[in-house]
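Biologist: I am new to this structure and would like to learn how to read it. Could you take me through it one feature at a time?

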Amino acid sequence: MNPSHPKAVRLVELTADIATAYLSHNHVQSSDIPKVLTEIHAALQGALHERPVGPPAHVRATPAEIRRSITHEVLISFEDGKPYKTLRRHLARLGLTPEAYRQKWGLPHDYPMTSADYSKRRSDLARALTLGLPLDQAGSARHERQAAPEAAPEEATAASE
């Protein structure tokens with residue numbers, strides 16, 4: 001590289017800055033200082049010339065890994081290996097959509113985004129709250145649910161007599 005080239009001048013400046021910071025906090029023999037400078041300069045030059053071709057290639061998940069990532073209680077994320085009840089929020093924080101996540105890791109199109117246990121609990125809660133029913137059916141279902149506890153004490157009284 002031509003020493004009068006702006007990148008060469010900047011490279012020497014960066015080398016000097018890094019070497020100064022390193023040498024001020026570490027004990028180095030005076031005979032080793034040229035070696036340290038050479039290593040720093042070579043590392044910066046290598047970083048300058050290395051150009052990534054594209055996004056890093058991700059290893060596709062094997063069928064066994066896919067099976068192990070799905071449990072009844074949680075789903076194991078391929079991004080960080082942590083368990084989640086639902087992957088949607090986790091993926092949103094990483095800037096991924098469920099489709100992009102499935103494609104990135106080679107997962108089938110029907111790979112779940114929510115654990116089975118969590119889905120069942122949410123479904124049971126929705127049914128208990130009569131969500132999804134037309135208003136007239138929801139009102140009668142709530143009325144029946146409220147009337148049922150009142151009938152139970154009367155039956156207990158009749159049975160004790």
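Modeller: We will go from the overall fold to single residues, and please keep in mind that this is a predicted model.

Biologist: Happy to start with the fold. How many helices and strands does the chain have?

Modeller: The chain has seven helices and two strands.

Biologist: What percentage of the residues count as buried?

Modeller: A residue is called buried when its relative accessible area is under 20%. Here the chain has 161 residues, and 18% of them count as buried.

Biologist: Now the helices. At what angle do α1 and α2 pack?

Modeller: Helix α1 covers residues 6–25 and helix α2 covers residues 33–49; their axes are 9 Å apart and the packing angle is about 130 degrees. That angle makes α1 oblique to α2. As for handedness, α1 passes α2 in a right-handed crossing.

Biologist: Next, charges. How many salt bridges does the structure hold?

Modeller: The general idea is that side chains of opposite charge can pair when their charged atoms come close. This structure holds four salt bridges. Let us look at some of them.

Biologist: Which residue does Arg10 form a salt bridge with?

Modeller: Arg10 pairs with Glu13, and their closest N and O atoms are 3.5 Å apart. The two residues are three apart in helix α1, so about one helical turn separates them. Arg10 is partly exposed at 46% relative accessible area, and Glu13 is partly exposed at 39%.

Biologist: What about Asp124, which residue is its salt-bridge partner?

Modeller: Asp124 forms a salt bridge with Lys120, with 2.9 Å between the closest N and O atoms. They sit four residues apart in helix α6, which again means a separation of about one helical turn. Asp124 counts as partly exposed at 37% relative accessibility, and Lys120 is partly exposed with a relative accessible area of 48%.

Biologist: Those pairs each sit within a helix. Which parts of the chain does the pair of Glu79 and Lys104 tie together?

Modeller: Glu79 and Lys104 form a salt bridge whose closest N and O atoms are 3.0 Å apart. Glu79 is in the loop between β1 (75–76) and β2 (83–84), while Lys104 belongs to helix α5 (residues 98–105), so the pair ties together parts that are 25 residues apart in sequence. Glu79 is partly exposed, with a relative accessible area of 28%, and Lys104 counts as partly exposed at 24% relative accessibility.

Biologist: Staying with that loop, where is Gly81, and is Gly81 buried or partly exposed?

Modeller: Gly81 has its place in the loop between β1 and β2, and at 47% relative accessibility it counts as partly exposed. Its C-alpha atom is 8.8 Å from that of Ser69, a residue twelve positions away along the chain. Lys82 is also in the loop between β1 and β2 and counts as partly exposed at 49%. The C-alpha atoms of Lys82 and Ser69, 13 residues apart along the chain, are separated by 9.8 Å.

Biologist: Let us turn to backbone angles. What is the phi of Thr130?

Modeller: Most residues other than glycine have a negative phi. Thr130 is not a glycine, yet its phi is positive, at about 55 degrees. You will find Thr130 in the loop between α6 and α7.

Biologist: Is Thr130 buried or exposed?

Modeller: Thr130 counts as buried, because its relative accessibility is 8% and the cut-off for buried is under 20%.

Biologist: And the surface: which residues make the nonpolar patch?

Modeller: Leu125, Leu129 and Leu131 make a nonpolar surface patch of about 290 Å². Leu131 lies in the loop between α6 (116–128) and α7 (135–160). Its relative accessible area is 56%, so Leu131 is exposed.

Note on methods: Residues are numbered from 1 along each chain as its sequence is written. This is a predicted model: local features need pLDDT of at least 70, side-chain atom pairs count only at pLDDT 80 or more; totals for chains, interfaces and linings use all residues. Side-chain values use heavy atoms; hydrogens and water are left out. Patches are made of residues with over 30% relative accessible area and no salt bridge: like charges are joined within 9 Å, nonpolar side chains (Val, Leu, Ile, Met, Phe, Trp, Tyr) within 5 Å. Accessible areas come from the Shrake-Rupley method with a 1.4 Å probe; for residues, only the protein chains shown count as cover. A salt bridge is a side-chain nitrogen of Lys or Arg within 4 Å of a carboxyl oxygen of Asp or Glu. Buried means under 20% relative accessible area, exposed over 50%, partly exposed in between (1.4 Å probe, protein chains only). Axes are lines fitted to C-alpha atoms, for helices over the stretch in contact, and angles run from 0 to 180 degrees between N-to-C directions. Angles under 35 degrees count as roughly parallel, over 145 as roughly antiparallel, 65 to 115 as roughly perpendicular and the rest as oblique. A crossing is left-handed if the near helix is turned anticlockwise from the far one by less than a right angle, and right-handed if clockwise.
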